[in-house]
Amino acid sequence: MSLKDKLISSYLAFEDYLQEDSPIHELRNHAIKNFETKGFPSKKEEAWKYTSLNSLLKEDYSIFPKQESSIEFKDVKKYFLHEVDTYKIVFVDGVYSSFLSSTTHEGMDICLLSAALSKDKYKPVIETYFNKVAKEESLTSLNTAFAKEGAYIYIPNHKEVEKPVEIVNFYTGSEAALMLQPRNLVVVGENAHIQIIERHQSLSGNPVLTNSVTEIFAEKRAYIDYYKIQNDLPSASLIDSTYIKQERDSVCSVHTFSFGGKLIRNNLNYYQYGEHCDSILKGITILEDKQHVDHNTLVHHIAPNCESHQDYKGIFDDRSTGVFNGKVYVEKDAQKLDAFQQNNNILISDKATINAKPQLEIFADDVKCSHGCTIGQLDEDAMFYLRSRGIGKKEARALLMYAFANNVLESVKIPELKKRINLLIAKKIGVSLGFDL
Amino acid sequence: MLQIKNLHASVEDKDILKGIDLHVKPGEVHAIMGPNGSGKSTFASVIAGNEDFDVTQGDVLLDGEDINELDPEERAHKGIFLSFQYPVEIPGVTVTNFIKTAINETRKAQGMEDMPAGEMLKKIKEKADLLDIDRKFLSRSLNEGFSGGEKKRNEIFQMAMMEPKLAILDETDSGLDIDALKIVANGVNKLRSPENAVIVITHYQRLLDYIVPDFVHVLLDGKIVKSGTKELAYELEEKGYDWIKEEVKA
């Protein structure tokens, strides 16, 4: 039985088991039908031209974990930003772990989606926001059909969340292969501020395929910083679809750090509904072996006087492959726009590949849109300069790669996270940089 | 200290250096002058080990050891320093962190421990003062957004920190106003000792008023065609290079 067939037949059993989430029951039925019609995306589709899911779809995934697994905090401490106090929403094999989590309902809700779907008091929020910005793409529909668990974050107007929120999904390897469908809903009220860090972490070599969907709503003057850490094992694959709806004067940044995993596909979609929105999309990708990362971004400018800034840097070694497909869509009313897109890539090995495709579709006549894309090797003159100062070839390469990726880190607003990412980069490059990070 | 015998070098099969002989002893300052395209910068790059150039003939000996096959970093570890004509910008790496890395990598290669942090700071402070460098400058990204003068001063700062046996200054005077030139020259002079040597590569005599050479060599079409003392530099300043070209032809 193909994975698609297995999912569709599993859905019937799943439906029986879900009694409690009536507000979205119809959505689920609609979503599974959409998935059934569209199926998994193939390379024939323009948006999937350079990323094939075929090898992932051959695995015999469990759709639901058979048993609950528990893990000790000390074993996974390193995956948290443990130097600072944070809210934590933690899932182990797709199941909420109250033991590892630190949630709150005091003046805001930082908790789980299953609670929000089952309790009446959350019904108005669910009805207003759930699945309202997510699009009817087949994988998103698949998630909607099965989504039962994930983070639920609701920040009321004028609330500044004083601690970062960590959303962490662990996979223990309790199943031979597992498919997960986490679903996050983030609603940030007027003039409210929040910082969120999301991570998917496999703890064993058993294959896992995560099909994650996150919806983010930024109300007027909301300020959101979202950080995605993708540094998983070579057995783990991730399809991450994030949809962001911005109202006027809101600022929303997403930083994506892609350092590890078998296959990662990031669908990052912004929709600017109000004036004076600012959307910031940044990424650092450092790959080796046969890793594959595909960044598929969309910034849809609907209202005038907005800005968007995209800056993605990639370093590709061995036989790794990268894709950057960045689309900026400007509707005719989105005048006085300033949209900037930059994508720079370095190929370390002759066998590494990058496919970069910037796309601008502009229907307004008074806008400023710029894009730049480079693909190259490390600068030989710079290498000679560093080596002539006594710095060995390997260190010199590392220093240049570090320098290349560095400006993307400047906008990371959590110092401990910035330090952590710096260390991950140093480790990924495989040398100690020899100076304070 | 440095002995160069019949050095030939080419890039992409184009001969640039066509048989250079030069002997530099400890404590000496040699100036290499010549018109554009005569091979001055290539000469500096080749001595520092730039792999873009192929050494096709000849020997380069440092303290009697053939260094032709050594990597640039190995030459640096042996005490060769090149002050670049066009220093490279390295965003995200501060001047301080860069020099720390350079010094500790060199010490590691020499079998030494990292320089203690306190000693490093003291040295950085001392050398920055010597070159009239503002502390704020040290925490900026290496060469990024630096003016021409700042870049050159930073090169000499690195030289002061590394304390090389043989320093090669490639067009260090270009892009400097007279005040900056004096500061840089003064810095170089303070670093001179009976044990080390300096090769100054320049187009103009101006810098040589401040860093006074023991010998002046004229490089023309990849060969040293004339050598003399500092008076030769004045003669070149006055008369240009044409008379030497005539002399060589004759």
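At roughly what angle do the axes of helix H6 and helix H7 of chain B cross? Keep that one in your head for a second while I say what we're looking at: this is a predicted model.

Okay, back to the helices. H6 of chain B runs over residues 148-162, and H7 of chain B over residues 178-191. Their axes cross at roughly 10° and come within 10 Å. Angles under 35 degrees count as roughly parallel, so H6(B) and H7(B) are roughly parallel to each other. If you're wondering about those two numbers, packed helices are described by the angle between their axes and the distance between the axes.

Who touches whom here? On the H6(B) side you have B:Gly149, B:Lys152, B:Arg153, B:Ile156, B:Met159 and B:Ala160. They meet B:Ala180, B:Ile183, B:Val184, B:Gly187, B:Val188 and B:Leu191 in H7(B). Sort that contact by class and you get eight nonpolar, two polar and two charged residues.

Staying in chain B, have a look at the loop between H6 and strand S9 (166-170), where B:Glu163 is found. The phi angle of B:Glu163 is near 45°, a positive value in a residue other than glycine. Is B:Glu163 buried, exposed or partly exposed? It has 17 C-beta neighbours inside 10 Å, so B:Glu163 counts as partly exposed.

Now over to chain A, which is divided into domain 1, residues 3-274, and domain 2, residues 380-437. The C-alpha centres of these two domains of chain A lie 32 Å apart. Where they touch, domain 1 of chain A puts in 13 residues and domain 2 of chain A puts in 10. On the domain 1 side, strands S8 (193-202), S10 (223-231) and S12 (251-260) of chain A each supply at least two residues. S12(A) gives the most, with four. By class, that side of domain 1 has seven nonpolar, four polar and two charged residues.

Let's zoom in on two residues of chain A. A:Arg221 sits in the loop between strand S9 (208-218) and S10 of chain A. Phi of A:Arg221 is near 55°, again positive in a residue other than glycine. A:Arg221 has 20 other C-beta atoms within 10 Å, so A:Arg221 is buried.

The other one is A:Ser237, in strand S11 (residues 236-246) of chain A. A:Ser237 is buried too, with 24 other C-beta atoms within 10 Å. Which residues does A:Ser237 contact, leaving aside its neighbours within four places in sequence? They're A:Leu56, A:Leu209, A:Gly261, A:Lys262, A:Leu263 and A:Ile264.

Next, the two chains together. Their contact takes 25 residues from chain B and 19 residues from chain A. On the chain B side, helix H2 (72-77), strand S7 (90-94) and helix H3 (95-109) each supply at least two residues. H3(B) has the largest share, with eight residues. That side of chain B comes out as 12 nonpolar, eight polar and five charged residues.

Last stop, the largest nonpolar core, with 183 residues. The members that touch the most others are A:Tyr152, A:Ile153, A:Val188, A:Leu399, A:Tyr402, B:Ile168 and B:Val200. Helix H9 of chain A, residues 393-409, gives the most to this core, with 11 residues. And the core draws at least three residues from each of domain 1 and domain 2 of chain A.

That's my tour, thanks!

Note on methods. Residues numbered from 1 in each chain as written. Chains lettered and ligands numbered in written order. Predicted model: local features only at pLDDT ≥ 70, side-chain atom pairs only at ≥ 80, totals over all residues. Domains from an automatic or database assignment. Contact = placed C-beta atoms within 7 Å. Nonpolar A, V, L, I, M, F, W, Y, C, P; charged D, E, K, R; others polar. Axes fitted to C-alpha atoms, helices over the stretch in contact; angles between N-to-C directions. Parallel < 35°, antiparallel > 145°, perpendicular 65-115°, else oblique. Core = buried A, V, L, I, M, F, W, Y, C linked by C-beta atoms within 7 Å. Buried ≥ 20, exposed ≤ 12 C-beta atoms within 10 Å, placed from the backbone.
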